[in-house]
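My notes follow in the order I looked things up.

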Amino acid sequence: MNGDFLSTNELRKHVRREYKKLRKKAILSLVYRPLSTKFEICSSNSLDGEYCYSDEKGYYYCELERGSYNEKIITEDLFEVTYLAIETDIFSMASLYESIHGKRGKDQRRIRFAKELELFSEIGEKYCERHRKRIEKYLKMAPYEDE
């Protein structure tokens with residue numbers, strides 16, 4: 001590992017700068033929510049939620065629930081930790097959009113996935129493509145089910 005990582009404060013600024021790119025589109029869709037990821041070290045005593053921070057080993061992304069880690073990822077990739085830090089909020093906004101615009105007989109995921117991709121594309125094509133691959137992998141296991 002090279003140790004040339006952004007500080008936790010710089011990481012916070014970077015992620016928020018990227019997230020801000022989708023703000024206008026999300027507001028126009030009436031689904032905007034502020035970024036919920038906390039940028040600080042977490043422990044089993046921390047509040048539930050998502051955390052990102054950095055140290056000499058890399059970037060950390062953690063999901064904490066009831067004092068336990070649901071997920072703890074360490075990466076040297078700034079793009080990857082940024083994607084992880086914003087993904088849950090994009091999912092929440094797309095889910096809200098889906099609940100407003102869903103149509104009976106159509107698999108609701110069609111609307112949600114399309115909105116997720118739309119929001120990720122506002123941040124950048126690399127983010128959109130990363131998420132598209134995740135959706136495709138998921139749909140291989142659980143294809144759409146329209147009536």
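**Helix H1 and its cover**

I started with what sits over the buried residues of H1: the cover includes helix H2 (23-28), strand E1 (49-55), strand E2 (58-65), helix H3 (78-101), helix H4 (108-123) and helix H5 (125-141). I kept in mind throughout that this is a predicted model.

Next I listed the buried residues of H1 themselves, and they are Thr8, Leu11, His14, Val15, Glu18 and Tyr19. Looking down the axis of H1, I get an arc of 130° that holds these buried residues, so they line one face of the helix. On the other side of H1 I found Arg17 and Lys20, both exposed.

I also checked the length of H1. With 13 residues (8-20) at 1.5 Å a residue, H1 should span 18 Å, and its end C-alpha atoms are 18 Å apart, which agrees.

**Helix H5**

I ran the length check on H5 too. Its 17 residues should span 24 Å at 1.5 Å a residue, and I get 25 Å between the end C-alpha atoms, which agrees.

Which residues of H5 are buried? I have Tyr127, Cys128, His131, Ile135 and Leu139 down for that. They take up an arc of only 100° around the axis, which puts them on the same side of H5. Their packing partners are H1, H3 and H4. On the face turned away from the buried side, I noted the exposed residues Lys126, Lys133, Lys137, Lys140 and Met141.

**The largest pocket**

Then I went looking for open space. Rolling a probe the size of a water molecule over the atoms shows where empty space is left. The largest pocket holds about 360 Å³ of space. It has 16 lining residues, and the closest to its centre are Glu87, Phe91, Glu116, His131 and Arg134.

Where does the lining come from? E2, H3, H4 and H5 are the elements that give two or more residues to it. The largest share is from H3, with five residues. By type, I sorted the lining residues into eight nonpolar, two polar and six charged.

I then asked what Glu98 touches, leaving aside its neighbours within four places in sequence: the contacts are Gln108, Ile111 and Arg112.

**Two positive phi angles**

Last, I looked at the backbone. Leu30 is not a glycine, yet its phi is positive, at about 65°. I placed Leu30 in the loop between H2 and E1. Its relative accessibility is 69%, so Leu30 counts as exposed.

Arg66 went on the list as well: its phi is positive, at about 55°, and Arg66 is not a glycine either. This residue is found in the loop between E2 and strand E3 (68-75). At 73% relative accessibility, Arg66 counts as exposed.

Technical notes:
Residues are numbered from 1 along each chain as its sequence is written. This is a predicted model: local features need pLDDT of at least 70, side-chain atom pairs count only at pLDDT 80 or more; totals for chains, interfaces and linings use all residues. Side-chain values use heavy atoms; hydrogens and water are left out. Helices (H or I, at least four residues) and strands (E, at least two) are DSSP runs, numbered from the N terminus. The expected span of a helix is 1.5 Å times one less than its number of residues. Buried means under 20% relative accessible area, exposed over 50%, partly exposed in between (1.4 Å probe, protein chains only). The arc is that of the directions from the helix axis to the C-beta atoms. Contact means heavy atoms within 4.5 Å. On a 1 Å grid over the protein atoms alone, a cavity is a set of points where a 1.4 Å probe fits but cannot get out, and a pocket is an open set with protein on both sides within 12 Å along at least five of seven lines; lining residues have an atom within 4 Å of a point. Grid points are joined across faces, edges and corners, and a volume is the space filled by probe spheres set on the points. Ala, Val, Leu, Ile, Met, Phe, Trp, Tyr, Cys and Pro count as nonpolar, Asp, Glu, Lys and Arg as charged, and the others, Gly among them, as polar.
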